[in-house]
Amino acid sequence: MGIFNFDVMTVFGKVQSVDTSNISICVSSSELLSKLQVNNLVSVKAPKAGQTLIGIVTKIMRKYGDEMDLAEGDDISSYDLVKVTLIGTLIDRDGTESNVFKRTLESVAEIDAECYIMSETILTKFMSVITKNSEDETYPLKIGSYAMSESANAWLDGNKLFQRHAVITGSTGSGKSYTVATLVEQIAKLPSANAVVFDIHGEYKTIEGDNIAHYKIAGPSDELDEKTIFLPCWLLTYDEMLSMIIDRSDNNAPNQAMLFNRYVAECKQEFLMNIGKEALAGTITVDSPIPFRMSELLNKLNEDDIRMVPGAKSGTTKQGEFYGKLTRFIQRLKSKTEDKRLNFLFSESDELIRYEYLNELCGKMLKPACQGGGVKIIDYSEVPSDILPLIVSLVARLIFTVQQWTDRDKIFPIALFCDEAHLYLPQNVQKSSEQSSVDNFERIAKEGRKYGVGLVVVTQRPSEVSRTILSQSGNFIAMRLTNSEDQSIIKKLLPDNLGSFSELLPILDVGEALIVGDASLLPSRIKISEPTNKPQSDTVKFWDEWSREDANNTIDAAVESLRKQSKA
């Protein structure tokens, strides 16, 4: 016997009207109506043998008097009506073949078709059908359990989750970090795991295990080692460098930009000539990731700023074309290079001015677990907030560009987890560095699937994140959202046929999520599994801490860290 044995199941009503995927069901008694709730699953007998239509209850109502469309002779004062949105078809098979659930309607419901309540037992069996294919995999992706049937595990299609990009959203304290940690631990179990987590506040440093590596963007006093990442300025594109150092309001900005372009190209060509790569020197552009020393570039600019040239009369001199026009630009650039907080960008250590450094850096970022890599968690907590968008997008752009230049038949996929995405992927761009970041990530969102780069956007404020990036995402893990603007954005991105399903957003419990998209066969309310290692994102318990008899004196240590710009 298949999952649905209609002979023993409870009929709660019959189909009264049909509008493709939306149907109305007339309920036969108030007692049966009390067993139904909005967002419950129900089954509807399909016209084709061996098929059952599955729907979600979207509305329950009672009609009286003039609201009813009664036939002559009917003598009732009211009747109960249930609105249902059909979401798929269960193909119920006996024998050796397995049951299959499809997110398509294999047939249309008929008038007077019987509708059935799904008991806990039936619901658990149905959920097992949905998860069977995932559960049978060698490395299934378990995200939690279904709120409707906690005995049934909830699984996601790992391919579709990262192929079509994903958004994890929820108000602060709703469980986003737990969800990310759960996914990271699941990914790390795979023998060739490959992912990068942009850890903006350093809260994932507690996530440990096989195939998980931790890196840190270098602070003011850090030196190059295996776990510290330097991102020398020669990795930036011309536009990215200008966004950081050019003052657009300066009248001499066009001259400054032109000379900067010229001398960056010259410095890169000179570096290649010095290491015997003359052929390559003739083919590079100003954006090519070739090492150079910023101090040499500053010398070239300074020479132009003070250059005197022969005058019209013999033996006389006059000011050069750019005399005095670069002074402010040189001062700005020099102040950047001397800013200890930007040590990771402007350090001129010989180890960083090497042709091979980019290969080593990309190896850290891109190697899968089977080659000594795995899930790479990068701590950005010591990066100044004003250039955070530029530095996060720099790593993402390098990864995407390397994937682009890899032979299509040799591409190995990688996922990028963008934690606190609203900080560097804003909808309303204020600075040129933010524009550069948004442009890079929007390109990944649009084209990443072709090159094996998946995005997971994690944010507590989806209304402040680029709409283009959100709209390119095919999966949503939406936790409790209390802000009306954030709710509105997510509701607009969810499929229209989910009806009132999205109305649950403000009342979800901590750790609960609505999961909708290509990776989940069934739009579901899920209780997310707790990770083995919890991130450092727990909310501080104010009242409990204030109730203690003593407290740690951490002020002196914090002030010293502030001075050093490092917690080390």
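## The sheet

Let's start with an open sheet of 12 strands, which mixes its pairing and runs in the order S9-S8-S21-S20-S19-S10-S18-S17-S11-S16-S12-S13. Strands here are DSSP runs of E with at least two residues, helices are runs of H or I with at least four, and both are numbered from the N terminus. Two strands pair if DSSP finds at least two bridges between them. At the edges sit strand S9 (153–156) and strand S13 (228–229), and each of these pairs on one side only. Helix H11 (residues 357–366) packs on the sheet, where it touches strand S11 (195–199), strand S12 (212–217), S13, strand S16 (375–379) and strand S17 (414–418). The direction of H11 makes about 115 degrees with that of S16; for such angles, axes are lines fitted to C-alpha atoms (for helices over the stretch in contact), and the angle runs from 0 to 180 degrees between N-to-C directions.

In general, strands of a sheet pair through backbone hydrogen bonds, either parallel or antiparallel. Take strand S20 (residues 512–517) and strand S21 (residues 524–528): they pair in the antiparallel sense over four bridges. Ile 515 stands opposite Ser 524 in S21.

## How to read the model

This is a predicted model, with local features needing pLDDT of at least 70 and side-chain atom pairs counting only at pLDDT 80 or more, while totals for chains, interfaces and linings use all residues. Residues are numbered from 1 along each chain as its sequence is written, and side-chain values use heavy atoms, with hydrogens and water left out.

## The whole chain

Zooming out, the protein chain has 17 helices and 21 strands. Its C-alpha atoms fill a box of roughly 120 × 60 × 50 Å along the principal axes. Of the 568 residues in the chain, 50% are buried; buried means under 20% relative accessible area, exposed means over 50%, and partly exposed is in between (1.4 Å probe, protein chains only).

What share of the contacts with a separation of 6 or more comes from residues 24 or more positions apart? The share is 69%, where contact means heavy atoms within 4.5 Å.

## Rings that meet

The structure holds nine aromatic pairs. Rings of Phe, Tyr and Trp (its six-membered ring) pair if their centres lie within 6.5 Å; planes under 30 degrees apart count as stacked, over 60 as edge-to-face and the rest as tilted. Phe 162 and Phe 417 have ring centres 6.3 Å apart and planes at 65 degrees, so they count as edge-to-face. Because Phe 162 lies in helix H3 (residues 158–163) and Phe 417 in strand S17, this pair ties together parts 255 residues apart in sequence. Phe 162 is buried at 17% relative accessible area, and Phe 417 is buried at 1%.

Trp 234 and Tyr 357 are also edge-to-face, with ring centres 6.4 Å apart and planes at 75 degrees. They link distant parts of the chain, 123 residues apart: Trp 234 is in the loop between S13 and helix H5 (238–245), and Tyr 357 is in helix H11. Trp 234 is buried at 1% relative accessibility, and Tyr 357 is buried at 5%. Elsewhere, ring pairs join Phe 198, Tyr 380, Tyr 424 and Phe 441 into a cluster.

## Two serines in loops

Where is Ser 463? Look in the loop between strand S18 (453–459) and helix H14 (467–471). Ser 463 is buried, with a relative accessible area of 10%. Its side chain makes polar contacts with the side chains of Arg 461 (3.1 Å) and Asp 486 (2.6 Å). A polar contact is a pair of N or O atoms within 3.5 Å; within protein, one must be able to donate a hydrogen and the other to accept it, and residues adjacent in sequence count only if both atoms are side-chain atoms. Setting aside neighbours within four places in sequence, Ser 463 is in contact with Gln 427, Glu 485, Asp 486 and Ile 489.

Ser 520 lies in the loop between S20 and S21. This serine counts as buried at 5% relative accessibility. Not counting residues up to four places away in sequence, Ser 520 touches Arg 103, Leu 156 and Ile 515.
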